[in-house]
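Let's walk through this structure together, moving from one contact surface to another. Keep the view open as you read.

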Amino acid sequence: MKISSWQLLILLFLSRIFITITYFTLEDISPSVMMSTSAFSVAADMILVIPTIFLYKKYPDENVIRSAFEISKIFGVILFVLYFIFAIFMIFRTVRFFLYFFENAFLNLLPTIVVGILLIAASAYVAHLGIEAAARSASIVFVSFILLLIAVVFTTAEDFDISNYYVEPIGTSDIFSGIVNGISRSSEMVVLVLLLPYLKNGIGKSVYGFLLIKLLFVEMIVLLCMLLLGGYIEAVPFPFFTVCSFAKAPFVERLDAVFLVIWTLMGVIKLSLFTISLRPASVLIKPFSSKMATNLAPFVIGGIPALYLAYKEQMIIPLLDNELTAAAIVLLGTVIPLAVLILRRFKREKN
Amino acid sequence: MNIDDKNYAHTLLPTSAEEFKTMLKKAAGNTMDVNVSDIMVSGHKCVFVASEGMISTDSLSELVFHPLMQFNLDHKASAEEVYTFLTQQSLMTIDRQELSTFGEVFMRLFSGFAIIFIDGKNKAVSLGIQGYDKRSIENPSSDTNIMGGQDGFIEALRTNVSLVRRRIKSPLLKFELMQVGKVTKTDIAISYLSDRVDKKIVDEIKKRLMDIELDTVFSTGYLKPFLEDKHKAIFSSISTTDRPDAMCIKLNEGKVGVLIDGTPFALILPSVFIEEFRTVDDYTTRSFYTVYIRWIKYLSFLLAVALPGLYVSIASFHPGMLSHRLLLNLVASQESTPYSLTTEAIIITIMYEIMREAGIRLPKAVGGAVSIVGALIIGDAAVTSSLISAPLLIIIGLTATASFVIPGLNQQTSVLRLAYIATGGLFGLYGISILTIAVIANTCVLSSLTVPYTAPISPITVKRLTNILGRPSFLRLQKTKGRVEDLTGVKK
Amino acid sequence: MKKISLMCVLILLVSITFSGCGGRKPDSVGIVQAVGIDKAEDGFKLSLQVFRVSSAGSQTPIDSSKSNVEVISAEGKTIANAVEMCENQLGKKMFFGHNQLLVINKEVNDIYSCLEYFINNFDAYLKMVVAATEKSAKDIISADISSGAVAAETMKKIFDVSKKDGYSTDSRFFKVVSNYINTDGTAVLPLIEKRAQAISDKSKESGEPAQDSLEIKKAILIKNSKFSKTLDMDEVFGINYFLSEIDDSDMIVNTSYGKESVKVKNVKQSSEITEQNDSVKLDKKITVRITLDKEESKDHRDAIKSEVEKKVKEYTESACQKMLSENSADVLGITALVRQTDYKLYKKLIDDREEFLKNVKTNIKVSAVY
């Protein structure tokens, strides 16, 4: 089953915006700096994604793991294990992050364990249905998100205060940390590398389109929070969520619970992508060739520790701004595809 | 030759009339509805077989016996001459078939044909003089329209075929007849327009029908699971209709219709979700009104499925979403009721389903009494005695009314409604979002013979988007011809 | 495998159904309409106006002629602690999603603690009005205002109209907190007082109790998280004209034609900041629109126009003088303006905010149009 470039764009976009609309911390940086450094972060992404694009153009029906198998079986297995571990780690992080938000924003609404179990079950189900289900559902979720955004902008527009907007000068350290923060939140760049066999055509369109749309929406969302909340933005951990609780629609007094619905839909799609992306390569490795192994195992291995930590109310690792995560993403999303590309060419020339 | 109920289908007809009669009686048993008579045609022994109540006696005497008697008067003929007369020379009935096995004989016999077996010839002739009682053409029962045609399909296949043929007077409209069901041998007619349909789809449908191993096929429900793609879906990727005009519209779009003898409903495939909201009336009203009504239908579907669940979840878990005054009224109304909103909603929903089911099954004479009792019990007494709250009753009433706007999705709306109430009541809007993504994913993965069920919404097909938002004007319809491949993006 | 999964689903369904999770009712939470915070010996005294329906029955709507609320009070070391005590009293969790009003007694020392509880409570209604009182906050929220389903609805309407007319600054919660954070603890809150209205003889005969009314005649400045100076109406008007918040205010002007009452509304404003020594110069242009009750001659209109311009200028200059020079309180958004114009200057100046504000020079031009 193949997906179009537009569908891939939407999948990547939802994975990314899931993080942005909830947790862009402004304890360390101001919204102005965030807006400025986002552009640099996207520029860096545009460069980092080049090996992936070349890999696709060269071998359109393979992802990086399958290509690695062509070089050598052991190499393929090693890469698969690396990406598998990454999937588990990202599932753990995403679930924990989801539960962290839920615990704080909707205090005493539901037991955290129940929230986690439902999230994992739904994600595993969507993953089980495959890329078709995820891609088509993502289109519908995307439209819902746009409608929410339009409703929020229009209903809060009268309270925008232009004096809240300012431009803070940035230095090289700001740019660097902005790039690192941006990359550490971009796990979809690794997912992209694995999703390539599903793509019909038009990788350039989908990837660069995604990056531009991501930049546009990040800037829009930060600007919205800035204009509306002003100084209040420093007091809240979830600025966009606060904006939604402020927004009002004709029959609905506040949109924060609507935000929760759409955010949950995005979260399920994001989580399902981690295991869907492993499917094309998993069939090559016997222990992982069954759907259960690639679908269920990562959710169980990654999800249960996250549930346990949530139950114990502990945050062992920092959620997002993690240099290690950024390094892992660069390794798996850029360095390895580049290495595979070079090695395969080398092998072809040798043959 | 030995014949029994296991091998009759492929047993060849004998040459001797006596043997034919013996074998026929053995295969049919002592069934009282098969009449076997010896007749002499031009001094030649023949056997006449008919099923009681299936043939038209007027047609029999006028179209069969009269010409036979004329032939008889002329001269004494051989078996071959009698056979040639029956099959080629006489103007008896249009529908004449040569039969060579007992399987074919019984097929025709129990379809209302008369069978004539000629002694000395190992073939029989079937004559189409059906005259069994059938219902007259009436208004369609399930899909009512204001301005569209008022005739609907009936149980007789051939009448249904004629209803379609009358509307599409083109030789491109094809009907292919086949039998499904090892015991019932139910006639199925596959219809399509040959210049629009994707031949692969037709072949696939035929293959799936031929692979059916059921003994009996009595209605559309028997065939649907075999025609659908293998996926446990909530929605069905095959639509049904009892309207010939609706079927013609779909055939014109390159779809395939399957008519089944014995049921007034036809199957249309491939079908997409958005077509459940389309009716024939869309093409008989002004386009602005069509757009308006179409969106009312979308809204009705959402209300029918999600409104009670949303109400229960928001009122119980997210009261901040409700307007201030509404919340206060709600709290006031809930003050004296004994159960939680979830329990109340489930109780009323189940009571409504009981009333609805009773309303369908009861004789018409008693139906009115049921609605009065339902209104009194649910409407008045339950609210006055504070068993349930008035706002919830309004919600369920609105939901029930909305569910009748799209009768084709009634099964799904009924079950999903309950699921939404349960998840909304247990987990609030979070539960609703989890259920929603599961339903969306389950629906999105569904395909109807390579056509995605959620097309043209997802994947988006820009050309057909106007058909979702409303209806293109007829001037535009002149220029654009809808095709199934518009939904898949794959040219025929 | 299918049987096992079916069993699991059934067990899950039964356990969830009988776990009692679905037993929530909307009336199982206390819907708080108004909050009053007074100073207690050791912490805060919290008073909550909670919805309590006066007429019950699923078909009976709320009786607007009755109170429909009850006021409960409890003390605690922190606001959260006090809320907990109230919940224990009422036997319900408190829900602040429809809280319309937050009244803080002038005696309360730590204002930010009062606000912080609602910042951290994601249910809190961000547009609730924050006000102060010189007397007891509990008294204010217990005021017997019978119109509207609950008293807090009417209270909010009073504030909305006052704001529109210029008698009160924009004291919605999120705005107050935003300014507070931007200016290191400065804000202006309306000062609300309760007055028992005299009842007519007819009402006395029928035995009706006296009804209360609320009025806003002053405002109070918060500086460094503490209540500071009381502001009179002219100063409040000055602040509102400066910030372009006047929507529809009545102004009495004296012209050679006599005393006139006109409607004035802010329509446009522009600000320009220029660096000057260790501070800034602010050039402000304010445009207001005048609406007259009846047609007047050109000379008459010109006279009114000039009076209105003079009066608005007086208000705004007085507000600038009082707020900036005398009190070094940035309630006029000066810091935000500097930050928007020149971030480097802003960084330099906020190191000594008080000195910077004292030295701000203002040049206000007012023009009135019809």
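**Where chain A meets chain C**

Between chain A and chain C, eight residue pairs, both at pLDDT 80 or more, are in polar contact; such a contact is a pair of N or O atoms within 3.5 Å, where within protein one must be able to donate a hydrogen and the other to accept it, and residues adjacent in sequence count only if both atoms are side-chain atoms. On the side of chain A that touches chain C, the elements giving two or more residues are helix H5 (73-105), helix H10 (203-229) and helix H11 (239-246) of chain A. H11(A) gives the most, with four residues. Helices (H or I, at least four residues) and strands (E, at least two) are DSSP runs numbered from the N terminus.

This is a predicted model, in which local features need pLDDT of at least 70, side-chain atom pairs count only at pLDDT 80 or more, and totals for chains, interfaces and linings use all residues. Residues are numbered from 1 along each chain as its sequence is written, chains are lettered from A and ligands numbered from 1 in the order in which they are written, and side-chain values use heavy atoms, leaving out hydrogens and water.

In this interface, 31 residues of chain A are in contact (heavy atoms within 4.5 Å) with 23 residues of chain C. The two chains bury about 2,300 Å² between them, 56% of it on carbon and sulfur atoms; buried area is the accessible area (1.4 Å probe) that two parts lose on being put together, summed over both. The rule finds two salt bridges across the interface of chain A and chain C, a salt bridge being a side-chain nitrogen of Lys or Arg within 4 Å of a carboxyl oxygen of Asp or Glu. C:Lys175 forms a salt bridge with A:Asp161, with the closest N and O atoms 3.8 Å apart.

Now turn to chain C itself. Its domain assignment, automatic or from a database, gives domain 1 (26-231) and domain 2 (233-370). These domains of chain C bury about 1,900 Å² between them, 53% of it on carbon and sulfur atoms. Four salt bridges are found across their interface. The side chains of C:Glu245 and C:Lys163 also meet in a salt bridge, at 3.7 Å from N to O. On the side of domain 1 of chain C that touches domain 2 of chain C, the largest share, six residues, comes from S8(C).
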